[in-house]
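Trainee: I'd like to learn how to read a few features off a model. Could you walk me through some?

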Amino acid sequence: MRLHRNLVFAVIDALGMIFNENEYADKVIEKVLRYDKRWGARDRGFIAETTYDIVRWKRLYSEIAEVNEPYSRQNLFRLFAVWCVLRGIQLPDWKQLEETPERRIKGRFDELSKIRKYRESVPDWMDELGEKALGTELWTKEIAALNAQAEVILRTNTLKTSKQELRQLLKAEEIETETISGVKDALKLVERKNVFVTQAFKNGLFEVQDASSQLVAPFLEVAPGQRVIDACAGAGGKTLHLASLLENKGQLIAMDIYESKLKKLKVRTRRNGVHNVEGRAIDSTKVIKKLHKSADRLLLDAPCSGLGVIRRNPDSKWKLQPEFLEKIKGVQHDILRKYSKMVKPGGKMVYATCSILPEENSKQVSSFLASEEGQAFTFEKERNIYASEHGFDGFYMALLTRK
């Protein structure tokens with residue numbers, strides 16, 4: 001691979017913003033890719049994937065390069081040099097990459113790879129927490145799987161097309177896909193491509209949604225004609241899935257504390273041909289009270305640590321702090337107790353997170369069932385999805401029925 005100066009400099013700029021200015025990696029990539037309109041798909045792919053790779057392995061590379069935050073520009077080049085050497089990429093004759101100790105880099109890598117927290121490039125506290133929560137064997141496998149690059153998974157919008165038809169339409173646009181066993185409407189890209197520029201996407205025939213996330217809506221056991229509430233809807237990936245399972249029949253109320261997210265959902269519902277979604281911002285307790293005992297089905301896709309989705313958000317390894325985890329557990333507890341009141345007798349509720357920690361998952365459900373509000377519910381079933389077992393994001397879901 002021949003390195004191009006302007007592309008490498010774009011990567012260095014991106015790393016500076018992510019590491020030193022604490023900006024979100026996805027937003028930084030968007031910004032940096034606007035530098036030069038002449039960059040083609042391969043150039044853009046190099047910038048995005050190299051940046052994400054160095055973000056993913058930040059701790060390991062920093063140890064090898066013997067650099068610390070805040071990183072000077074020269075230190076960022078040292079991280080880049082480590083990335084090149086470990087990938088067997090020949091270093092160009094640039095002054096920023098002079099005197100790179102290639103043999104020493106390889107030796108340090110071999111040495112550090114024997115220690116899990118360096119090999120998997122995670123903070124000490126996260127490594128300790130994962131081991132304590134899941135046990136040495138599962139955590140060791142899981143963190144390795146969560147460091148693999150996430151595949152691009154699509155969910156067929158069955159309101160507009162079938163999975164077979166979508167495969168043919170994408171093939172016509174030179175995008176090859178494979179089906180995924182056990183995930184009914186999912187297609188996996190054989191090769192990474194920008195699917196958002198396809199006609200199939202513009203026509204609302206699919207959404208990008210990980211396979212694990214696609215298992216949540218069916219877990220709620222909805223049927224056309226029901227009143228379904230998605231109380232932590234966000235930008236609405238699962239809301240849209242619920243709409244297709246409802247076949248556009250019945251009422252689907254999408255709620256969130258951020259009105260801006262519900263506005264994005266409105267755009268997505270139009271593209272998807274969804275007609276039965278109503279957005280409601282949770283701006284006071286009245287919004288919840290008005291819906292008490294009214295929902296046939298309630299989805300609580302609760303805010304969480306996001307430990308199960310590190311593959312697609314590698315910078316979250318460095319942004320997540322132990323204090324946040326404690327705070328979010330309190331939020332989850334409150335959401336379960338307050339929002340569950342919207343389920344009517346005989347109705348069902350799913351509590352879900354994209355975390356792999358029992359303290360955010362099964363322990364939260366147990367704590368809820370022991371609470372005054374939880375007395376009204378019976379536990380039906382739960383499912384833990386681990387990246388190391390399924391190859392997709394880590395997720396948890398529990399189904400409860402109101403007596």
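Trainee: Which residues gather in a patch of positive charge on the surface?

Mentor: First, the ground rules. This is a predicted model, where local features need pLDDT of at least 70 and side-chain atom pairs count only at pLDDT 80 or more, while totals for chains, interfaces and linings use all residues. Residues are numbered from 1 along each chain as its sequence is written, and side-chain values use heavy atoms, with hydrogens and water left out.

Mentor: Now patches: they are made of residues with over 30% relative accessible area and no salt bridge, like charges being joined within 9 Å. Lys and Arg count as positive and Asp and Glu as negative, with His and the chain ends not counted. A charge is placed at NZ of Lys, CZ of Arg, CG of Asp or CD of Glu. Here the positive patch brings together Lys286, Lys289, Lys290, Lys338 and Lys341.

Trainee: Is Lys289 buried or exposed, and why?

Mentor: The scale is this: buried means under 20% relative accessible area, exposed over 50%, and partly exposed in between (1.4 Å probe, protein chains only). The areas come from the Shrake-Rupley method. Lys289 counts as exposed because its relative accessibility is 54%.

Trainee: Where does Lys289 sit?

Mentor: Elements are DSSP runs numbered from the N terminus: helices (H or I) have at least four residues, strands (E) at least two. Lys289 belongs to helix H15, residues 285-289.

Trainee: What does the UniProt record list for residues 142-403?

Mentor: Treat record entries with some care: the positions follow the numbering used here, feature names are shortened, and annotations may be inferred rather than shown by experiment. For that stretch, the unreviewed UniProt entry lists "domain: SAM-dependent MTase RsmB/NOP-type". In the model, residues 142-403 are 33% helix and 24% strand, with the end C-alpha atoms 37 Å apart.

Trainee: Which residue does the "active site" annotation cover?

Mentor: The unreviewed UniProt entry puts that annotation on Cys354. You'll find Cys354 in the loop between strand E9 (343-353) and helix H18 (362-370). Cys354 counts as buried because its relative accessibility is 19%.

Trainee: How many salt bridges does the structure hold?

Mentor: The criterion is a side-chain nitrogen of Lys or Arg within 4 Å of a carboxyl oxygen of Asp or Glu. By that test the structure holds 33 salt bridges. Take Lys58 and Glu69, whose side chains meet at 3.0 Å, N to O. That pair links distant parts of the chain, 11 residues apart: Lys58 is in helix H4 (residues 58-65), and Glu69 is in the loop between H4 and helix H5 (73-86). Lys58 is buried at 8% relative accessible area, whereas Glu69 is partly exposed at 44%.

Trainee: What separates Arg108 and Glu111 along helix H6?

Mentor: About one helical turn, because they are 3 residues apart in H6 (residues 102-112). Arg108 is buried at 16% relative accessible area, and Glu111 is partly exposed at 44% relative accessibility.

Mentor: Another pair to look up is Lys188 and Glu151, which meet in a salt bridge at 3.6 Å, N to O. Lys188 lies in strand E3 (residues 186-189) and Glu151 in the loop between helix H9 (136-146) and strand E1 (153-156), so the pair ties together parts 37 residues apart in sequence. Salt bridges can also form a network, as with Asp210, Arg311, Arg312 and Asp393.

Trainee: Back to H4: why is it largely enclosed by the rest of the structure?

Mentor: Because 7 of the 8 residues of H4 are buried. Among them are Arg59, Leu60 and Tyr61.

Trainee: What about the backbone just after H4?

Mentor: Glu66 takes a positive phi of about 55° there. Further on, the peptide bond from Glu69 to Pro70 is cis, with omega near -10°. Pro70 sits in the loop between H4 and H5.

Trainee: Where is Lys293, and what is its phi?

Mentor: Lys293 is in the loop between H15 and strand E8 (295-301). Its phi is positive, about 55°, although Lys293 is not a glycine. Lys293 is exposed, with a relative accessible area of 52%.

Conventions
Patch = residues over 30% accessible without salt bridge, like charges linked within 9 Å, V, L, I, M, F, W, Y side chains within 5 Å. Areas by Shrake-Rupley, 256 points an atom, 1.4 Å probe, with all protein chains shown as cover.
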